[in-house]
Amino acid sequence: MFDGSAKRVVCMWFPRLASDRVLRARPIEGPFALTLKQQNTDRIYCLNMAAERLGLHRAMSCADARAFCPDLISQPARPDLDQRFLGALRRWATRYCPWVGYEGADGLVLDVTGAAHLFGGAGTMLRDMRARMARAGLTLRLGMGATRGAAWAFAHFDEHGTDLNALPVAALRLDAGTVTALQRLGLRSIGDLSAAARAPLARRFGPELLLRLDQALGQVGEAISPEVEPPHYGIALSFPDPIGLFEDVMAATARLLDPLCDKLKAYETGARELTLTLRRVDQGSQQVTLRLAAAMRDPARILPLFARGLGEVDAGFGIDRMRLEATVVERLPVQQTGAMATPASPDRLNDLITRIGTRIGLENIQRFLPADSHIPERSFLIAPAAYSTPESGWSSPRPRPLRLFAPEPITGTGPQPPKQFRWRRMAFTLARATGPERITPEWWLEDDAWRSGLRDYWKVDTREGRRLWLFYTPQNPGWFVQGAFA
């Protein structure tokens with residue numbers, strides 16, 4: 001049997017984590033709430049103390065909340081930023097002990113066994129936690145117990161309590177339905193539940209109820225899993241004497257790249273963005289950022305790409321420290337080499353895109369990708385070449401022009417291509433026409449250019465040598481030129 005009496009577990013509960021995060025950056029006087037859309041209804045996600053005093057609560061619809069409080073200030077919630085903020089608090093909490101894990105979406109759990117005496121005792125440590133969080137503008141409720149369940153119960157129901165049996169059954173982390181059913185049976189506290197017969201409770205409520213009870217009382221162990229710190233891809237190098245020559249800076253960059261790429265390889269990742277910080281002896285610093293067209297970890301390929309940026313660095317009276325960090329990384333699994341290896345990736349093309357991208361920006365180097373649409377204007381996509389891969393799914397039942405532009409009207413009557421017409425101040429005579437190819441609008445998409453209805457497309461060869469793509473609109477008679485073949 002597990003004996004948790006020798007353990008000390010602390011639960012840090014932030015009941016207003018989301019609203020406190022926002023109000024720390026922009027304090028607001030008066031009622032404030034964060035809203036989140038749930039089932040097509042905007043509801044309160046988190047609120048401050050002033051809003052609670054006016055009777056507002058979580059999950060309340062925003063319409064009802066404004067009826068109670070017309071002066072309520074609200075803004076959309078960002079749960080992703082809240083979790084990132086909680087992660088920062090978890091890293092901060094490791095100052096008290098190394099075993100810090102998450103407790104739901106708004107709490108932390110710390111195994112401080114053997115660490116409380118380092119802060120002058122458990123009471124002093126808890127007071128230090130409250131004082132630091134108060135200075136940070138965060139609402140904090142603390143609970144300490146011999147087990148994780150007991151610490152959670154004290155933090156949520158009796159912050160300064162010591163008697164676990166006196167707490168309500170909801171302190172066992174049970175769902176609302178189970179709590180209501182237990183209260184109807186007269187089992188309102190943990191002490192009442194502990195004194196009741198276990199067999200009938202197990203038959204009616206299942207094993208979850210007794211498991212939570214045993215975890216809180218220390219009869220069943222409950223582990224605290226600390227989060228693994230993500231790898232940090234940064235290498236620094238200090239010099240006994242300042243350097244300033246371009247060759248010396250490139251050589252130092254090469255020395256930084258080797259261990260950094262080894263670390264990237266160990267974690268099977270590749271760098272997409274590298275930042276080189278150069279600190280001068282006058283305490284000034286400059287940064288050279290290299291954005292790569294593809295994830296890579298080959299120092300021999302990366303080093304020449306730094307040449308242009310380092311050539312523009314002003315060394316001043318000398319550089320005494322350099323730091324290289326991979327600020328954006330991607331998964332890059334190890335690839336097989338040898339006779340059975342897959343074809344090599346287009347490394348030379350990626351290096352070329354990177355070199356051009358350092359001058360004009362990676363987003364300005366674009367490629368065409370096929371799209372699933374029979375509408376000519378929507379049959380392709382334009383995407384940055386550095387953040388997309390080429391596709392070979394280009395297929396069309398009919399030939400398409402090399403150049404495609406907005407429809408330009410020409411003179412003509414009837415469903416057959418006109419024998420003679422003028423386009424862009426030039427006169428053309430029809431030599432041969434192939435078609436028609438009827439294309440109907442995509443009714444599920446709004447497009448003003450296709451409001452005239454379906455189109456009959458013709459491939460036209462003129463006696464003047466031009467090969468054009470014409471279409472006729474039967475529902476709104478008219479002829480247009482939309483493309484030119486090679």
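Modeller: Start at Met322, and leave aside anything up to four places away in sequence: Met322 then touches Ile235, Ala236, Leu237, Phe239, Ile243, Val249, Ala252, Thr253, Leu256, Leu276, Thr277 and Leu278 (contact means heavy atoms within 4.5 Å). Bear in mind that this is a predicted model, where local features need pLDDT of at least 70 and side-chain atom pairs pLDDT 80 or more, while totals for chains, interfaces and linings use all residues. Numbering runs from 1 along each chain as its sequence is written, and side-chain values use heavy atoms, without hydrogens or water.

Met322 belongs to the largest nonpolar core, which has 29 residues; together with Leu274, Leu276 and Phe306, Met322 touches the most other members. Such a core is a set of buried Ala, Val, Leu, Ile, Met, Phe, Trp, Tyr and Cys residues joined through side-chain atoms within 4.5 Å; buried is under 20% relative accessible area, exposed over 50%, partly exposed in between (1.4 Å probe, protein chains only). At least two core residues each come from strand 8 (234-243), helix 11 (246-266), strand 9 (269-280), strand 10 (285-296) and strand 11 (319-331). Helix 11 gives the largest share, eight residues. (Helices, H or I of at least four residues, and strands, E of at least two, are DSSP runs numbered from the N terminus.)

Apart from this core lies another, of 24 residues, with Cys97, Leu108, Ala116 and Leu140 among them.

Now for helix 6 (residues 148-157), where nine of the ten residues are buried. Among those are Arg148, Trp152, Phe154 and His156. The helix's buried residues pack against strand 1 (9-13), strand 5 (100-102), strand 6 (107-111), strand 7 (141-145) and helix 10 (207-217).

Arg148 also makes a salt bridge with Glu103, the closest N and O atoms being 2.9 Å apart (a Lys or Arg side-chain nitrogen within 4 Å of an Asp or Glu carboxyl oxygen).

Glu222 is in the loop between helix 10 and strand 8, and Arg173 in the loop between helix 6 and helix 7 (176-184), 49 residues apart. Arg173 is buried, at 17% relative accessible area. Through shared partners, salt bridges join Arg173, Glu208, Arg212 and Glu222 into one network.
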